[in-house]
Each structure stands twice: as structure tokens, then as C-alpha cells.
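Please look over the sequence and the model below before reading on.

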Amino acid sequence: MALCYYNEKFVPLEECALPMTDLAIQRGVGAFESIRIYEGTPFAMKQHLERLEGSVEGSGIEAGEIIKKLPCVIRDGLSRLENGKFDGLVKPYITGGDINNKGSFPAPRFFVIFDEVHKPTEEERKSGITLEPNRVARPFPLIKSTNYLFGLIPLSKAQKTNFETLYITPDGEITEAMSSSFFLCKGGRIITAPVGSVLRGVTREIIITLARENGFQVDERCPLESELAEADEAFITGTVKEVLPVVRVGSQTIGGGRPGPVAQHLQRLFLLNQARWMD
Ligand SMILES: *Cc1c(COP(=O)(O)O)cnc(C)c1O
């Protein structure tokens, strides 16, 4: 059963409701995080909460006090679940509240959802996933906004077998997927878009660190759509996905349509090194 912290109380998620006047509902003003919990211990919580602070600041939401409370609320919630051994996701949301002061939101609301995690299937891990190109730039890339419509619209129009959409700028630069960071492997190098063009992915940063520690060359520049054809492999990263191989983007098959060794190696390194980012 999912739990929610809202209005200073922990209650079953289905008993929570946001007022219809909230600007998250009326104008899409809100930011959030998705933090993985492994057996009661949060993974990279500090990095997620720092990013949330940046997202609310970037959105004009005045949430300094909320950000300060979140670590306590999260630890309190975890202690109430499965004898402190909860395995799942913690999702703190900060919304615009009811007051819009010309783009400043001085009275935000927040809630924290403690829920199960929907991991990729064995088949997706083993055979890789496909992405649908989305030929727009994601606005305000440093903000993890609750508004995913720009990523979802092209997904609804494409084949239902696609896992996510992939943002590609009109100049053919690949930035990131709808809710994941994107990596291309080519000529012995790993290429991924720089922060600023994309969100500071927490998994992205960990994978770059692990890759460099293990002798891979990582270039932080946008991969080009024209490089997909000659790429050896591609993969996406994210809190729930960890490292997931990509075998096709639109009609372009990558690496012969099979997952490659680099993604597999990095997924293994991620699991082996998880303890370093537990807090
Ligand atoms: C959440 C998200 C990611 C992945 O970030 P993680 O911190 O690794 O989970 C990447 N890009 C976008 C647009 C996202 O919303």
C-alpha cells in the first residue's frame, strides 16, 4: 500500500487530494524527484534534493523551508514502512500553491509519495528498448518539472512498442530522453550531452564517474542524430532504469539491433558500487 505525507500527516495515498486551486493543476507549476530506496536506505538522496532545490528555484517556487524539512519527512516515512526495510520509490513533489505573483509562487504545497517501483522487464534489459524521436528541445532543461506533455505527445502518436521519446533538436543534436539521460558509444568513446543542454541526471553523473574510473573515455557533448548509424551501441540511464540498452531510435537500428557490452558492463559496475551512494 502506498503512503503519502501531506499536510503534516502520513496517510494512505488514496486518501490524499490536492485542492483544485493549486497551480500544479491549473498551470502545470510543480517540480519533483524520484528517489530509489534499497532495503530502507535512500540512494543518492542528497543529489536528488539538491536538484529539487534547483528545480523549484528555477520555477519561481519559494520553497526553501520545504526543502529543509524533506530529509526528516523522508526518513520518518521510511521508518514506518516494512520495518524500515522498504524497497521502492520516494517521490517528493513541490507545487505552485494557490498564489501566482507574476511568476513567483510564495505559498507552495508539498507532498511525498512512498510507492512501489515499476522496474524495466527482464525482456527489456535483455533485448534492449526502442525510442521515438521527438524533434523539439526540452524547455528549461535544468528543471525536473511535473509537466511531461512535450515528451508524451509524440509517444502517443508513435507505435506503442516505444519505451520513451528522445529529444533531438532541429539541428540534429540528441539531448536526452523523456525521463532518462542518453548515451552513445562510438569508436571506443562514450558520448553524452552536457548538463545545461540536459537535466543533471543523478544516474548520469554516477555512470560517468564509474565509466571514467574504469578506463572509458567520456565526452560531454551532444551526440548527433547522424552518428546513430555508425554507433556501436546506445543506452539510457535513470533512477529506476539504472542502465538500459537502446537498440533502435525511430527507423535507425543501433549496433545491429542488439544490446552492447558497454551498457552491460556499466550496469554491472553500477550494482557493484551502489553502496558508495547510499545515504
Ligand atoms: C528524471 C529525468 C532524468 C533521469 O534522472 P535520474 O536522476 O538519473 O533519475 C533524465 N532526464 C529527464 C528529462 C528526467 O526527467
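**Salt bridges and a surface patch**

R204 and E220 meet through their side chains in a salt bridge, with 2.7 Å from N to O, where a salt bridge is a side-chain nitrogen of Lys or Arg within 4 Å of a carboxyl oxygen of Asp or Glu. The pair links distant parts of the chain, 16 residues apart, since R204 lies in helix 6 (residues 202-213) and E220 in strand 13 (residues 217-220); helices (H or I, at least four residues) and strands (E, at least two) are DSSP runs, numbered from the N terminus. R204 is buried, with a relative accessible area of 2%, whereas E220, at 37% relative accessibility, counts as partly exposed; here buried means under 20% relative accessible area, exposed over 50%, and partly exposed in between, with a 1.4 Å probe and protein chains only. Salt bridges that share partners join R204 and E220 with R200, E205 and R212 into one network.

This is a predicted model, in which local features need pLDDT of at least 70 and side-chain atom pairs count only at pLDDT 80 or more, while totals for chains, interfaces and linings use all residues. Residues are numbered from 1 along each chain as its sequence is written, and side-chain values use heavy atoms, with hydrogens and water left out.

In the structure there are 21 salt bridges, and another of them joins R125 to E242, at 3.8 Å from N to O. Because R125 lies in helix 4 (residues 122-127) and E242 in strand 15 (residues 242-249), this pair ties together parts that are 117 residues apart in sequence. R125 is partly exposed, at 24% relative accessible area, while E242 is buried, at 8%.

A further salt bridge is formed by E176 and R138, whose closest N and O atoms are 3.0 Å apart. E176 lies in strand 10 (residues 174-177) and R138 in the loop between strand 8 (129-134) and helix 5, so the pair ties together parts that are 38 residues apart in sequence. In this pair E176 counts as buried, at 6% relative accessibility, and R138 also counts as buried, at 17%.

Turning to the surface, L149, L152 and I153 form a nonpolar patch there, with about 250 Å² of accessible area together. Patches are made of residues with over 30% relative accessible area and no salt bridge, like charges being joined within 9 Å and nonpolar side chains (Val, Leu, Ile, Met, Phe, Trp, Tyr) within 5 Å. Accessible areas come from the Shrake-Rupley method with a 1.4 Å probe, and for residues only the protein chains shown count as cover. I153 lies in helix 5 (residues 149-157) and, at 39% relative accessibility, counts as partly exposed.
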